[in-house]
Amino acid sequence: MPPIRLLIVPGSVRASSLNLRLARCVQQLAPALGMAGSVLDLRALDLPLYDGDWEDQHGVPAGALALRDALDAADAVLWVTPEYNGFPTPLMFNALDWLSRVPASVGQVAGVATTTNKPAALLSASSGPGGGLRAMNLLRQFLQMNFAMLVVPQQFALGRAQEAFDDAGALSDPRAADAVKAVLAATATLAKALRAQG
Ligand SMILES: Cc1cc2nc3c(=O)[nH]c(=O)nc-3n(C[C@H](O)[C@H](O)[C@H](O)COP(=O)(O)O)c2cc1C
């Protein structure tokens, strides 16, 4: 069976982002679980802040179509979210708002159709002790209710993430590494089951 294509989406891509580090760590772990991971750079989509007047004038931006295409090509999506005042980042929410505005066109599905019934999973990383758990739980609800994603129950919040990685970018604490692997394993199991169903 070809590997499960896992799209990894960190909600922060600043140079020293802890969530980007966690996303890259997952990319390294993915092959051992039968998955091929690629990390999506939300900032590179160059999406303006959603504004209905902007949309009336310009239509849906190319970055939103690129996001739809990246999601469409994936078997499963791993969202890696920071926590800003209890919420996922504006970078992530803005991208999802734009995705919801992508209409179906000839030969191409609408934004929300790409996510419907698609396996998803959640991780978060924060410098605080809670690891972004509040943001992750809100994101779960948001992805399930608005984007009809099948979010696996397993999730993991990496607290004090600035101390969590070794020089090679792996998680130093084996319990943290096992928790991340459990999330990936559940995602792979669901994606493989759906693939087998056709
Ligand atoms: C505006 C803002 C709000 C924050 N709020 C929280 C918070 O509610 N909970 C938390 O654990 N950390 C919070 N933090 C700290 C972030 O978790 C920390 O900056 C983290 O490194 C951001 O993710 P990144 O490294 O992937 O960019 C906040 C940071 C900022 C800039």
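Is Ser124 buried or exposed? In this predicted model, for which local features need pLDDT of at least 70, side-chain atom pairs count only at pLDDT 80 or more, and totals for chains, interfaces and linings use all residues, Ser124 is buried, with a relative accessible area of 0%. Residues are numbered from 1 along each chain as its sequence is written, and side-chain values use heavy atoms, with hydrogens and water left out. Buried denotes under 20% relative accessible area, exposed over 50%, and partly exposed the range in between (1.4 Å probe, protein chains only).

Ser124 belongs to strand β4. Helices (H or I, at least four residues) and strands (E, at least two) are DSSP runs, numbered from the N terminus. When its neighbours within four places in sequence are left aside, Ser124 has contacts (heavy atoms within 4.5 Å) with Asn19, Leu22, Thr81, Gly131, Gly132, Leu133, Met136, Phe156, Ala157 and Leu158.

Strand β4 (residues 119-125) is paired with β3 in the parallel sense over five bridges, pairing being assigned if DSSP finds at least two bridges between two strands. Within this pairing, Ala120 in β4 is the bridge partner of Val77. Strand β1 (residues 4-10) is also joined to β3 by five bridges, and these strands run parallel; here Leu6 stands opposite Ala76 in β3. Six of the six residues of β3 (residues 76-81) are buried, so the strand is largely enclosed by the rest of the structure. Ala76, Leu78 and Val80 point one way from β3, whereas Val77, Trp79 and Thr81 point the other way.

In helix α3 (residues 62-72), the buried residues are Gly63, Ala64, Leu67, Arg68 and Leu71. Seen down the axis of α3, these residues fall within an arc of 145°, so they line one face of the helix; the arc is that of the directions from the helix axis to the C-beta atoms. The buried residues of α3 pack against β1, β3, α4 and α5 (111-115).

Helix α4 (residues 90-99) also meets helix α6 (residues 133-147), their axes coming within 12 Å and crossing at roughly 5°. Axes are lines fitted to C-alpha atoms, for helices over the stretch in contact, and angles run from 0 to 180 degrees between N-to-C directions. The two helices α4 and α6 are therefore roughly parallel to each other (angles under 35 degrees; over 145 counts as roughly antiparallel, 65 to 115 as roughly perpendicular and the rest as oblique). Met92, Phe93, Leu96, Asp97 and Leu99 in α4 are in contact with Leu139, Phe142, Leu143 and Phe147 in α6.
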